[in-house]
Amino acid sequence: SSQSQPPTTDVPLTPSSPQLAEVRAAIVKLLKQPDYDDGSAGPVIVRLAWHSAGTYDKATDTGGSNGAGMRYEVEGGDPANAGLQHARAFLEPIKRQFPWITYADLWTLAAVVAIKEMGGPEISWRGGRTDFTDDSRCPPRGRLPDGSKDADHLRWIFYRMGFNDQEIVALSGAHNLGRCHSDRSGFEGKWVNNPTRFSNMYYKLLRMHDWKKKKLANGFEQYVYIDKDLEGEDADGEEPEELMMLPTDIALLHDPSFRVWVDKYAEDKDLFFRDFANVFAKLLELGIRRGENGRVINQENLESGYKS
Ligand code: ZEM
């Protein structure tokens, strides 16, 4: 049967539980989407999880992945979140099949499963998030990074969440995945040739090429590189692919403290995988308070009658 039984006692808390294994398997199945982008729902799902968590503000202890506030217009309608409705729509059948899992858990778990499926590291994940029942706790707009800005902006945004320079560079390695869409962010193109394969290629390309500033028809400025060997048509008759970097990606290259980590990750894939797994797990836990035995004890969880 396709309908999973709701657990009798509580939401499963550990990824090893049989219920979560079922959800994981269902997520794996839906990742392949031949008619969407580069054939995978993975990248946009990773971005959904990141934007759900990246609203965290350490000083006020607000935002973060608990609540799944992006279902509400006040957060989902933030221009920074344009396009993420596709990721939510991909995951909707899973929510219907496993009604006991919260959106907040599903979005974060799906990203972890997608990264692994795309060849990335195993990332530790813990469940127990609840969903807001109204938009009163949604974070204000404007907390997510702006790709047209510089190193100071990256520090302003990511220090607010509690990350350091090394973690900023490691997190940015997610740009191995997916692409920019001019109708979502205004930027256009992908960072690496195979955007559905998790690797450290992003750092290698960042260092390897002479990135040239390019102004798009919509006025957006990004950096591009066209592989000289691929000019005209290559041996397979494929069009040459123009790769891109955001101004914030290029900032990692030119800031001396960030650059140390770009170099390390370009040269050591295992180190990148380890550091990325750690920092992505940390991202997904921002603002989540857990009591003994791992139970989430955020106020909204207690109010929703979530048993402890
Ligand atoms: Zn991204 N990101 N991001 N990012 N990102 C885009 C796409 C993706 C920044 C940014 O402005 C943009 C992180 C950090 C930062 C992903 C994951 C993560 C796009 C293109 C932009 C403009 C959106 C579009 O047009 O569809 C900036 C400035 C960042 C600061 C460092 C972090 C951290 C991420 C996860 C750990 C992913 C997977 C994508 C590809 C999405 C897709 O639909 O293919």
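Which element gives the most to the shell around the ligand? In this predicted model, helix 2 does, with 5 residues.

View 1. The ligand is surrounded by 26 residues. His-175, Gly-178, Arg-179, His-181 and Ser-185 are the closest. By type, the shell holds 15 nonpolar, 7 polar and 4 charged residues.

View 2. The largest pocket is the space that the ligand takes. Two or more shell residues come from each of helix 2 (42-53), helix 6 (151-161), helix 7 (165-172) and strand 1 (179-180). Helix 2 leads this group with 5 residues.

**View 3. Two domains at the ligand.** Domain 1 covers 18-144 + 277-303, and domain 2 covers 151-276. Each domain supplies at least three residues to the shell around the ligand.

**View 4. His-175 and the zinc atom.** His-175 sits in the loop between helix 7 and strand 1. Its NE2 atom is the single protein donor to the zinc atom of the ligand, at 2.2 Å. A polar side-chain atom of His-175 also lies 2.9 Å from a ligand nitrogen atom.

**View 5. Polar contacts to ligand oxygen atoms.** His-181 uses its side chain: a polar atom there lies 2.7 Å from an oxygen atom of the ligand. Arg-179 uses its backbone: an N or O atom there lies 2.9 Å from an oxygen atom of the ligand. Both residues are among the closest to the ligand.

Conventions:
Residues are numbered from 1 along each chain as its sequence is written. This is a predicted model: local features need pLDDT of at least 70, side-chain atom pairs count only at pLDDT 80 or more; totals for chains, interfaces and linings use all residues. Side-chain values use heavy atoms; hydrogens and water are left out. A residue is near a molecule or strand if one of its heavy atoms lies within 4 Å of it. A polar contact is a pair of N or O atoms within 3.5 Å; within protein, one must be able to donate a hydrogen and the other to accept it, and residues adjacent in sequence count only if both atoms are side-chain atoms. On a 1 Å grid over the protein atoms alone, a cavity is a set of points where a 1.4 Å probe fits but cannot get out, and a pocket is an open set with protein on both sides within 12 Å along at least five of seven lines; lining residues have an atom within 4 Å of a point. A molecule sits in a cavity or pocket if more than half of its atoms lie within 2 Å of its grid points. Helices (H or I, at least four residues) and strands (E, at least two) are DSSP runs, numbered from the N terminus. Ala, Val, Leu, Ile, Met, Phe, Trp, Tyr, Cys and Pro count as nonpolar, Asp, Glu, Lys and Arg as charged, and the others, Gly among them, as polar. Domain bounds come from an automatic or database domain assignment. Donors are N, O and S atoms within 2.8 Å of the metal (3.2 Å for Na, K and Ca); water is not among the atoms, so sites may look incomplete.
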